Amino acid sequence: GQSPWSDAGSSRWEGAMMPVKLTEHRLEGPLLLCEHTHRCQPHGRDESEPVARVEYRLPAGPVSDADAAGVVARQPDRRFRFRHACVRHDPERNVVRADQSRLKVAIAGAGGLIGSHLAAHLTTAGHDVVRLVRRPAREAGEITWDPDTGQVDSRSLDGVEAVVNLAGVGLSSIWTKGRKEAILGSRVRSTRTLVAAMERMEKPPAVFVSASAIGAYGSRGGEILTEKSDRGAGFLAQVCREWEAAAAPARAAGVRVVTPRFGIVLTASGGALAAMLPAFRIGLGGRIGEGRQWWSWVALHDALGALEWLIRDPGLDAVVN
C-alpha cells in the first residue's frame, strides 16, 4: 500500500497470541533512517512487558542528530506513553468484564474513524464483530448492504445481539446545498435501513446504538446541557432531530434504542484533529474571531469505552451525552 511504514522484521506468535517482535522501517519522511522495533518480553511469571525502540539518523549527519535529539524524541515519547496507557488499560477493562458474556455486534460505518477503532476495541475484548460494507462481502465477518437503496439482508443479521450505527457522510467539508442534503440523507437512510431489517427479524438484537451529536442542542454558549435540555435550532439540530427520529421505531420491535450524542472525537489517528494539525505545525493555526466559541470534545479511547457501556447496560434506553 501507500503506508510510509514497512513490516521488515520477524513476527512470531507464542502463548496467548502475543507478538514477540515486530520491526518497522520508515521508507519516506524527513528522517534519513528510522527503525521502530516493538518487542514483548517476559516480566515475572504471569506478566509481559511491551518495549519499543526507535533508531533514527537525520540528513545532516551526527551534528543534526545531536542538535535535534530532544526535539525528535518528544513525539515518539508522547506516543509511547499513550500506547502504554492503552495497553495497560485494555486488559484491566477486560478483566472487570470477564464474567460477562461475549456478544455478536454488527457495526455500520465500520470503515470510519470511530467504527474502525470500535471494531478493534470490541474484538480484543472477545466479542464477535460483524462489519456492514457497501461492496460485496469478502469474508465471514462482513455483511453487504446498500443504505442508499435500503437494502440489507435481515437473515444475515441472525444471531446479532447488538447493532451500532455510525454511518454517515463526513461533516468536514464546505456545506453546499448538495453536501447538506448528503449529510442529512446518509444518516437518515442508513438508520431507516437498519431499523427495517430489525423489524423483519424473528429475533431482533437486544440493543440498537444509533449515533447522534451534540449539534442537537444548537449553539448555546456556556450553558450546561444535559440530556433533558431542549433541542436547539440550525442545520445540525435538524440533522440530529431527523436522525434520532429514524432510530426510534426500533423500540416497537422490542429493541432497546440508545442514542449517544457525540461531541468532537479527538485522536491523532485522524478526524478533526488530524485535519487541524497541519496548519498549526506550519504556524498558521490560531483563534477564529474572538476565540470564545465553546467546543465539546471527547478522546477516542473514552468514546469507545462509552459505546461498549451503552451496549452493555440494559438500563439505558434514551439519549446519552
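Modeller: Start with a charge over a ring. The charged end of lysine 180 lies over the ring of phenylalanine 235, 4.9 Å from the ring centre. To count, NZ of Lys or CZ of Arg must be within 6 Å of the ring centre and within 35 degrees of the ring normal. This is a predicted model: local features need pLDDT of at least 70, side-chain atom pairs need pLDDT 80 or more, and totals for chains, interfaces and linings use all residues. Residues are numbered from 1 along each chain as its sequence is written, and side-chain values use heavy atoms, leaving out hydrogens and water.

Now the rings themselves. The structure has 1 aromatic pair. Tryptophan 175 and phenylalanine 235 have ring centres 5.2 Å apart and planes at 65°, so they meet edge-to-face. Tryptophan 175 is in the loop between β11 (162–165) and α3 (177–200), while phenylalanine 235 is in helix α4 (residues 235–247). Rings of Phe, Tyr and Trp (its six-membered ring) pair if their centres lie within 6.5 Å; planes under 30 degrees apart are stacked, over 60 edge-to-face, and the rest tilted. Helices (H or I, at least four residues) and strands (E, at least two) are DSSP runs, numbered from the N terminus.

How open is each partner? Phenylalanine 235 is buried, at 16% relative accessible area. Tryptophan 175 is partly exposed, at 36%. Buried means under 20%, exposed over 50%, and partly exposed in between (1.4 Å probe, protein chains only).

One further charge belongs here. Arginine 187 lies over the face of tryptophan 243, 5.0 Å from the ring centre.
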